[in-house]
Structures are given as structure tokens and as C-alpha cells.
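Have the viewer open and follow along.

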Amino acid sequence: MLGIIWYRAKVLAVLRDDFGYEPKVPGWQAPIFNSITKELRKQKGNPYDSAVAFLTTQLEAVKGSNDPEVRLWVKSMTKRINEILPLCSIVRDSIFTD
């Protein structure tokens, strides 16, 4: 039990420190965050894998938005994900484009 708690704390630190993103955990984003971290930890993913996977779900949620601020955020996060991918252990094969 402590293992998953520690792992999730590391993922939250990656989201905060490397992406400047503070998910609502605990809160409305917790169910998807918990599901992603549980599955990727089970697959031997590192915290970067979980952070990238979680952010990808957030990007998908706003896909197609015409809001200029949202589009800028998506572009910024996509760029940052591409920079972080080399630190991932299992989601490295993902391809993100602008």
C-alpha cells in the first residue's frame, strides 16, 4: 500500500515540477489519476510514464477546442511531453505532434 502512495507522490511531483501542472488530486481528477498510476506501476512504468499518460488524457479531453488559451496550453504540454519522453520507460513509443 505504501508503495503505490509513494509512487503517486512521485508522479504528482513530476507533474508539478516538470510540467507546471497541479491536478485536482484529491478531487475530481483523482479517479483517472489513480487508475493510470495503478496500471502503469503494475506494468513497471516509472513516474514519468504515469505523468505523460495522465497528461495525455487531459489533452484528449480538450482536443478540438477553439479557445486560444486552451490551444496554447495543448501546444505547450505537447512540446514538454516530447522533451520528457526519453525519461519514460514504457511510453517512449508514443508519438505526439503539434
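Helices are DSSP runs of H or I with at least four residues, numbered from the N terminus. Pro-68 has its place in helix α4. With a relative accessible area of 64%, Pro-68 is exposed (exposed means over 50%, buried under 20%, with a 1.4 Å probe and protein chains only). From Pro-68 to Leu-85, 17 residues along the chain, the C-alpha atoms are 26 Å apart.

This is a predicted model, in which local features need pLDDT of at least 70 and side-chain atom pairs pLDDT 80 or more, while totals use all residues. Residues are numbered from 1 along each chain, and side-chain values use heavy atoms, without hydrogens or water.

Now to the helix pair. Helices α2 and α3 pack at an angle of about 140°, with axes 9 Å apart; axes are lines fitted to C-alpha atoms over the stretch in contact, and angles run from 0 to 180 degrees between N-to-C directions. The residues that meet (contact means heavy atoms within 4.5 Å) are these:

| Helix | Range | Residues in contact |
|---|---|---|
| α2 | residues 30–42 | Ile-32, Phe-33, Ile-36, Thr-37, Leu-40 |
| α3 | residues 47–61 | Asp-49, Ser-50, Ala-53, Phe-54, Thr-57, Gln-58 |

Key. Helices (H or I, at least four residues) and strands (E, at least two) are DSSP runs, numbered from the N terminus.
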